[in-house]
Amino acid sequence: MDGAPTLASDKPLLDLLIAAPRGFCAGVDRAIRIVELSIEKYGAPVYVRHEIVHNRHVVDALRAKGAIFVEELDDVPDGVPVVFSAHGVPKAVPHKAAERGLDYIDATCPLVSKVHRQAERLVQTGQHILFIGHRGHPEVVGTLGQVPAGTMTLIETNEDAEAIMPADPTNLAFLTQTTLSVDDTAQVVATLKRRFPSIQAPRGEDICYATSNRQAAVKDIAAQCDAMLVIGAPNSSNSVRLVEVASRAGIRAQLIESAANLELSWLDGVRTLGISAGASAPELLVRELVDLLKVHFTVSEREMNGAVETMVFKLPRTLEAA
Ligand code: 0CJ
Ligand code: F3S
């Protein structure tokens, strides 16, 4: 904080540029609501396979209402309802749940389900799919699990796109994870199109509106900031991508799960701080961060004008009247 201008209050000045849009997307809103409505409908406990969204605050709040989080269906006892997370699940999971007679409610984001359906269709028409995504991420595991083994190949990097030698290079399509870096993906897609000119692209964008809007909003403010804090979890793909966008714009950027994780010394020399939040991070965490900063700085706060999001997804029919 040394050397920063001060007002009569003695606290250093800090300008905050708050990215917009940020935080919850329509798929996250819907997934959280699905868990809440399932608890209302069935009574506690309701099991949830995997974190409903990648945010500890959200998970703890739902746990307090009666949700029990497990990683695998095998951890769900017989006779209780189970919700599948927003990231989607391999086909084998609902099949197994049905075999066991479990009531299951699918909170997969409709934009992820759209990719699942495209994958199925492409395989039915005999095309081999190159799927751009991060190995091991639950969304990737879920999408790979929509089609028979050997019909989809994972492409993680531009190097993978350069190296892949498909059996039939004239019969290819590509799809992507919804939360990727817009810039990195454009590069991978350009490589695939150069190497395989007839490759079929997805209908519309697979990277979702929320991911691309949040990246654009961070890019927009980065040039005016000395540093950027992104609220989100380390396992949240879309949140980690926002930190990358800010770093690539040449500023210091850090992911924090909440205000409690902020080390004030990290802000030494920072006069203008950008703040954003991943699609799974509640706005409350942004407000707590701003409140903490106000304890230590004389803060001026500016919310940016970004894309206006009006997307709302329907709830599953079984819960609509709950
Ligand atoms: O995969 C999704 C449908 C995004 C869900 C919301 O974000 P988050 O942080 O739970 O998941 P990602 O790791 O995929 O960004
Ligand atoms: Fe869906 Fe995109 Fe959110 S895929 S859950 S709208 S980050």
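**Figure 1. The largest pocket lies between domain 2 (26–109) and domain 3 (110–195), because both domains give residues to its lining.** The view is taken from a predicted model. The space in this pocket amounts to about 220 Å³. Its lining consists of Phe-84, Val-89, Lys-91, Pro-94, Tyr-104, Asp-106, Thr-108, Ser-113, His-116, Arg-117, Glu-120 and Gln-146.

**Figure 2. Strand E5 (104–106) and helix H4 (110–124) at the lining of the largest pocket.** Each of these two elements supplies at least two residues of the lining. The greatest contribution comes from H4, which gives four residues.

**Figure 3. Division of the protein into three domains, with the interface of domain 1 and domain 3.** Domain 1 is formed by two segments, 13–24 and 209–303, while domain 2 covers 26–109 and domain 3 covers 110–195. Between the C-alpha centres of domain 1 and domain 3 the distance is 31 Å. At their interface, 11 residues of domain 1 make contact with 11 residues of domain 3. The size of an interface is often expressed as the accessible area lost when the parts come together. For domain 1 and domain 3, the buried area is about 780 Å², and carbon and sulfur atoms give 45% of that area.

**Figure 4. Salt bridges across the interface of domain 1 and domain 3.** Two salt bridges are found across this interface. A close-up of Arg-248 and Asp-184 shows their side chains meeting in a salt bridge, with an N to O distance of 2.7 Å.

**Figure 5. The largest cavity and the residues nearest its centre.** One cavity of 30 Å³ or more is found in a search of the whole structure. About 290 Å³ of space lies in the largest cavity. Its lining comprises 23 residues, and those nearest the centre are Cys-25, Val-28, His-87, Thr-179 and Asn-238. Two or more lining residues come from each of helix H1 (26–42), H4, helix H8 (209–222) and helix H9 (237–248). H8 gives the most to this lining, with three residues. By class, the lining of the largest cavity holds 11 nonpolar residues, 11 polar residues and one charged residue.

Conventions
Residues are numbered from 1 along each chain as its sequence is written. Chains are lettered from A and ligands numbered from 1 in the order in which they are written. This is a predicted model: local features need pLDDT of at least 70, side-chain atom pairs count only at pLDDT 80 or more; totals for chains, interfaces and linings use all residues. Side-chain values use heavy atoms; hydrogens and water are left out. On a 1 Å grid over the protein atoms alone, a cavity is a set of points where a 1.4 Å probe fits but cannot get out, and a pocket is an open set with protein on both sides within 12 Å along at least five of seven lines; lining residues have an atom within 4 Å of a point. Grid points are joined across faces, edges and corners, and a volume is the space filled by probe spheres set on the points. Domain bounds come from an automatic or database domain assignment. Contact means heavy atoms within 4.5 Å. Buried area is the accessible area (1.4 Å probe) that two parts lose on being put together, summed over both. A salt bridge is a side-chain nitrogen of Lys or Arg within 4 Å of a carboxyl oxygen of Asp or Glu. Ala, Val, Leu, Ile, Met, Phe, Trp, Tyr, Cys and Pro count as nonpolar, Asp, Glu, Lys and Arg as charged, and the others, Gly among them, as polar.
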